[in-house]
Amino acid sequence: MMSAASADRARLDVITIGRCSVDLYGQQIGSRLEDVTSFAKSVGGCPSNIAIGTARLGLKSGLITRVGDEQMGRYVKEQMAREGVALEGIATDPTRLTSLVLLSVENDKSFPLIFYRDNCADSALNEDDVDDGFIRSAAAVLVTGTHFARPNTDAAQRKAMRIAKAHGGKVILDIDYRPNLWGLAGHGAGEERYIKSDKVSEHMKTILPDCDLIVGTEEEVHIAAGTENTLDALKIIRRLSSAVIVLKRGPMGCVVYPDAIPDALDMGIVGTGFPIEVYNVLGAGDSFMSGFLRGWLKGEDHQTSATWANACGAFAVSRLLCSPEIPTWEELQYFLSHGSPHRALRKDEAINHVHWATTRRKQPHQLLAFAIDHRSQLEKMADEAGAPRSRINDFKRLAMAAIGQVSQGAPGFGTLLDDTYGREAMFDAAKLDLWVGRPLEQPGSRPLRFEFGQDVGSRLVEWPVTHTIKCLAFYHPDDPQALKDEQAGTLRTLYEAARKVGRELLVEIIAGKNGPLDDRTIARALEELYALGIKPDWWKLEPQASAAAWENISAVIAKHDPWCRGVVLLGLDAPEEELAKGFAAVAAQPIVKGFAVGRTIFSRAAQGWLSDKMTDEEAVADMAARFGKLVKMWNTARDRG
């Protein structure tokens with residue numbers, strides 16, 4: 001184990017060095033790569049995955065690599081930033097492209113992949129990319145076997161090792177053997193994990209003496225030592241290096257050898273294993289390494305580190321992608337505390353929710369939204385004004401201009417926009433960097449129906465990943481049971497679709513139009529929906545008459561989903577003075593994060609503009625003034641609260 005004191009002195013716990021790609025995973029499971037028709041995108045490459053994995057598990061990580069000066073390179077850097085990985089070591093190569101990898105799951109033993117790495121950005125890494133100060137800022141550096149295959153990348157990694165050793169840092173080696181990246185197999189043999197090569201073995205032996213931790217599979221240990229007898233290979237490595245050796249043994253977990261190599265493989269230190277269904281082995285080793293480093297770099301004993309590594313590897317093996325599937329620290333602790341009734345962890349809804357809630361994109365602490373997803377109300381206004389309904393599209397663009405005047409680029413502002421009349425306005429919202437919620441419900445439907453058909457999943461895949469699904473249900477806990485069952489079933493279908501395609505979900509509940517409201521009404525409604533496993537990222541709720549009602553709502557949310565982003569207040573065309581009272585009533589409620597108000601802001605402007613009594617500028621000014629006033633009212637109430 002590593003000294004916790006030495007790790008605490010460093011700004012970073014670990015810097016990883018080497019490959020960085022964009023992985024494109026075939027989404028048709030059980031299909032040849034030739035037959036795959038759609039792909040899921042993620043950051044890949046052994047050291048890149050480990051940088052993300054260790055960050056998710058609570059370590060401070062950095063990465064040294066190169067990416068291209070293009071969209072995929074920017075995606076990598078943006079994703080690394082979202083994951084909390086230090087970016088100083090990621091260089092942008094002006095002439096080379098970010099590498100790509102195409103992968104598929106053909107069956108439980110065959111995982112074809114193609115590396116697109118011809119003169120790619122990370123293969124050009126050299127000593128100039130390794131900054132002395134950056135390396136010294138970390139308690140450890142992690143080098144990877146494949147990046148010793150070229151003279152320039154070999155020199156870069158050896159420079160990092162020298163700097164680390166000179167300043168008391170640890171050196172970690174992930175053997176990471178990919179024969180075709182050593183030129184030992186063709187482009188179509190990306191799946192091949194072992195080809196004997198004396199040349200590679202002799203090269204790897206020169207690296208081992210300077211390592212403090214060496215991790216590899218049995219095949220990787222064979223290539224590092226130059227023998228295909230695992231026990232003999234371990235003893236050769238031990239003669240060359242005093243490093244802690246971790247032998248990965250697939251479904252049998254791992255064995256740690258901190259000292260002399262025993263006479264049998266299983267006589268080392270063994271962590272707890274986790275039998276699971278194999279879904280995709282690609283990336284499992286990187287998840288495993290992330291878990292081991294979370295223990296080793298924080299001074300845990302080897303058995304604990306091995307247990308965490310085995311658990312993290314189990315997560316990756318049971319899921320499709322690489323870096324997106326690595327668990328967070330909260331998720332790992334939940335699994336270790338509660339276990340799972342499923343051998344296929346991807347089917348465990350409770351664990352999946354923790355994973356989703358702790359890996360989704362971060363958002364500002366409040367949400368101040370101008371809701372203009374109204375369809376039927378604006379259609380009525382247009383009809384009454386004698387205006388063609390097509391003008392509603394242009395009016396919604398004016399609403400975006402009004403938001404821009406108020407937000408001035410600040411975070412925490414948003415809008416609700418619909419597909420019927422809001423397409424061009426959505427483009428405007430993207431330029432303003434607004435949070436966007438999009439309705440799916442058929443306006444006024446009760447029981448709940450979706451607009452444009454009931455197959456919502458096929459629609460959602462076309463949405464930007466940053467757009468949030470919004471669904472309004474007129475749901476009262478005292479409704480007839482058959483009606484409640486139907487509406488809740490529809491919401492459950494939507495929730496499952498949202499999670500499947502990775503989109504956030506806002507559920508709006510209006511109960512007051514269909515029954516009385518008391519201090520428990522909305523809390524009971526939420527309780528019933530939570531009981532069905534419906535856990536939206538956001539709730540949108542009508543104002544409540546008492547502080548007790550909000551306390552009950554907060555208690556239900558805290559009980560069932562402590563990761564819920566929060567509640568936003570809806571307006572229901574209330575006058576400003578009523579909204580001010582509603583804002584004041586929730587000022588001391590941490591669960592309420594803002595508002596999503598519409599007609600209070602736009603009704604006057606819509607009527608005037610659609611009847612040609614207001615110019616574009618006048619409509620924008622009117623809406624901006626009203627929205628700005630609500631924002632000020634909200635901030636004032638919050639400050640007092």
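**Basis.** I number residues from 1 along each chain as its sequence is written, and I read side-chain values from heavy atoms, with hydrogens and water left out. Because the model is predicted, local features need pLDDT of at least 70 and side-chain atom pairs count only at pLDDT 80 or more, while totals for chains, interfaces and linings use all residues.

**Entry 1, the barrel.** I looked up the strand order. Eight strands close into a barrel as β14-β15-β16-β17-β18-β19-β20-β21, with parallel pairing. Neighbouring strands of this sheet are turned by 25° against each other on average, direction ignored. Helix α17 (residues 481-501) packs on the sheet and touches β17 and β18 (505-509); its direction makes about 175° with that of β17. Helices (H or I, at least four residues) and strands (E, at least two) are DSSP runs numbered from the N terminus. Two strands pair if DSSP finds at least two bridges between them. Axes are lines fitted to C-alpha atoms, for helices over the stretch in contact, and angles run from 0 to 180 degrees between N-to-C directions. Contact means heavy atoms within 4.5 Å.

I asked how many residues of β16 (residues 435-439) are buried. Five of the five are buried, so the strand is largely enclosed by the rest of the structure; buried means under 20% relative accessible area (1.4 Å probe, protein chains only). Trp435, Gly437 and Pro439 point one way from β16, and Val436 and Arg438 point the other way. I note that in a regular strand the side chains alternate between the two faces of the sheet.

**Entry 3, neighbours of β16.** I followed the pairing to either partner. Strand β15 (residues 413-416) pairs with β16 in the parallel sense over three bridges, and leucine 416 stands opposite glycine 437. With strand β17 (residues 467-473), β16 forms four bridges, also in the parallel sense. There, valine 436 stands opposite histidine 467, and glycine 437 stands opposite threonine 468.

I found that the axes of α13 (residues 376-385) and α14 (residues 391-407) come within 10 Å and cross at roughly 115°. Leu378, Glu379 and Ala382 in α13 meet Ile392, Phe395 and Lys396 in α14.

Note on methods: Buried means under 20% relative accessible area, exposed over 50%, partly exposed in between (1.4 Å probe, protein chains only).
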